[in-house]
Amino acid sequence: MVTNENYKPKVAVFVVTYNHENYIAKALESIVAQKTDFQYKVFIGEDYSTDKTREICLSYKNEYPQIIELILHSQNIGSRNNAQLVYKACFDSGAEYIAMCEGDDYWIDDYKLQKQVDFLDLNPEFSLCFHDVKVLSDEKLDVNPINYSKDVYDIYDIANDNVINTVSVLWRKSMIDGVASYIQISILDYYLYMCLAKKGKIKYIPEVMAVYRLHNTGMWSGKSIEKQYQVKIDLFKSFLKDDFDSKVKDILRERLCDMYATLYKRGKKAYVFNVASIDIQRAVQLVLSEFRR
C-alpha cells in the first residue's frame with residue numbers, strides 16, 4: 001500500500017466497534033493486510049467498551065499510525081451516534097470511495113479493496129459495488145443464504161430487498177450529496193444504498209471476500225425481531241419523505257404495510273396503531289386478509 005503523509009486516501013474504511021474484544025483484532029488485521037496500489041485510511045469509532053476492545057484498537061493504532069485513525073469517546077454514546085461520527089470522518093477525509101466493516105466482521109481476500117476500486121474506476125456509471133460473503137454463526141461458517149439472481153442491480157431491486165451486506169460494500173462518495181441529510185438515519189447503510197441507487201447502477205461481484213458474523217450481541221442481530229421491525233419502520237417512513245420516484249415509493253409503502261401487519265400479528269397492536277400514521281387502513285386490510293386465509 002502507498003503510504004505518503006501528504007497523499008489523500010483513495011479509500012476510507014468505516015469501522016464501528018463496541019465490546020468486540022474477541023473479534024476486533026481479526027477485523028483490523030484483515031483490513032491492514034489489504035494489498036493495494038493506492039492509499040487507504042481506516043476510521044475506527046470505539047464506543048467506550050467495557051472489555052479490552054479499546055486497548056486492542058490502540059495497539060493497532062500504534063502499529064499502523066499512518067493507516068488508522070481512532071475516534072474515541074469518553075463515555076458510551078450508542079451505536080447510532082458512533083456510526084454517525086465515523087461516517088462523517090470518512091466523508092470529510094477526502095477519499096474517493098468508502099468501504100465498511102463492522103468490528104465483529106472481517107475480510108478474507110487481501111485484494112478485496114483493489115478489485116473493487118479497479119471496477120469502480122473503470123465503470124463511472126456505477127455508484128456502488130458489493131460481493132458475496134460467508135456467514136459465521138455459532139463458529140460454523142456457511143454460505144450466504146442470499147441467492148443473487150443478477151450481477152447488476154437498480155433502485156427497484158434494492159427497494160424490494162436489501163441484498164447488500166455491509167461488510168462487502170465499496171461506494172462512490174461523489175454520488176452522495178453530503179453528510180447532513182444522512183447522518184440522522186437509524187439504519188445508515190440501507191439508506192445510503194438507496195440514495196446511491198438513485199445516482200448509479202450497483203454491481204454484484206460473485207466472489208466471497210468477507211465474513212459476516214451472526215451472534216446475539218451483534219449491533220443488528222442482537223436486537224429482538226420486534227425491535228428490528230420498529231427500527232425498519234422508522235427507516236421506511238424516512239424513505240417515503242425522500243424524493244424517490246412514485247414506483248419506488250409504491251414498493252416501499254407495500255413493504256412498510258407488511259411490517260405493520262407482521263407486528264400486529266405478533267401481538268404489537270398498540271405499537272402499530274400508535275405509529276402507523278401512513279397507510280394504516282392498508283396495514284389493517286393486510287392483517288385481516290391474512291386472518292381470512
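1. Tyr48 is partly exposed, because its relative accessible area is 43%. The class in between runs from buried, under 20% relative accessible area, to exposed, over 50% (1.4 Å probe, protein chains only). Tyr48 sits in the loop between strand 2 (40-46) and helix 2. Helices (H or I, at least four residues) and strands (E, at least two) are DSSP runs, numbered from the N terminus. The phi of Tyr48 is positive, near 55 degrees, and the residue is not a glycine. Most residues other than glycine have a negative phi.

2. A word on the basis. This is a predicted model, in which local features need pLDDT of at least 70 and side-chain atom pairs count only at pLDDT 80 or more, while totals for chains, interfaces and linings use all residues. Residues are numbered from 1 along each chain as its sequence is written, and side-chain values use heavy atoms, with hydrogens and water left out.

3. Asn19 also has a positive phi, of about 50 degrees, although it is not a glycine. Its place is the loop between strand 1 (11-17) and helix 1 (24-32). With 28% relative accessibility, Asn19 counts as partly exposed.

4. Asn19 leads on to Thr53. Thr53 belongs to helix 2 (residues 53-63). It is buried, at 0% relative accessibility. Beyond its neighbours within four places in sequence, Thr53 contacts Thr17, Asn19, His20, Glu21, Ile24 and Glu46. Contact means heavy atoms within 4.5 Å. Take Thr17: 36 residues separate it from Thr53 in sequence, and the C-alpha to C-alpha distance is 7.8 Å.

5. Now the chain as a whole. It holds 10 helices and 10 strands. Of its 293 residues, 52% count as buried. Take the contacts between residues at least 6 apart in sequence: 78% of them join residues at least 24 apart.

6. How do helix 6 and helix 7 pack? Helix 6 (residues 188-199) and helix 7 (residues 225-241) meet at an angle of about 25 degrees, and their axes are 11 Å apart. Axes are lines fitted to C-alpha atoms, for helices over the stretch in contact, and angles run from 0 to 180 degrees between N-to-C directions. The two helices are therefore roughly parallel to each other. Angles under 35 degrees count as roughly parallel, over 145 as roughly antiparallel, 65 to 115 as roughly perpendicular and the rest as oblique. The crossing of helix 6 with helix 7 is right-handed. In a right-handed crossing the near helix is turned clockwise from the far one by less than a right angle; in a left-handed one it is turned anticlockwise.

7. Which residues make that contact? Tyr190, Tyr191 and Met194 come from helix 6, and Leu235, Phe236, Ser238 and Phe239 from helix 7. By class, the residues of this contact are six nonpolar, one polar and no charged. Ala, Val, Leu, Ile, Met, Phe, Trp, Tyr, Cys and Pro count as nonpolar, Asp, Glu, Lys and Arg as charged, and the others, Gly among them, as polar.

8. Helix 7 brings residues including Glu226, Tyr229, Phe236 and Phe239, and helix 8 brings residues including Lys249, Leu252, Arg253 and Met259. The contact of helix 7 with helix 8 has 10 nonpolar, two polar and six charged residues.

9. Tyr156 is in helix 5 (residues 155-160). It counts as partly exposed, at 25% relative accessibility. Setting aside residues up to four places away in sequence, Tyr156 touches Asp245, Lys247, Val248 and Ile251.

10. Last, the cysteines. Cys129 is buried, at 0% relative accessibility. Cys257 is buried too, with a relative accessible area of 2%. How many disulfides are there? The count is zero, where a disulfide is a pair of cysteine sulfur atoms within 2.5 Å.
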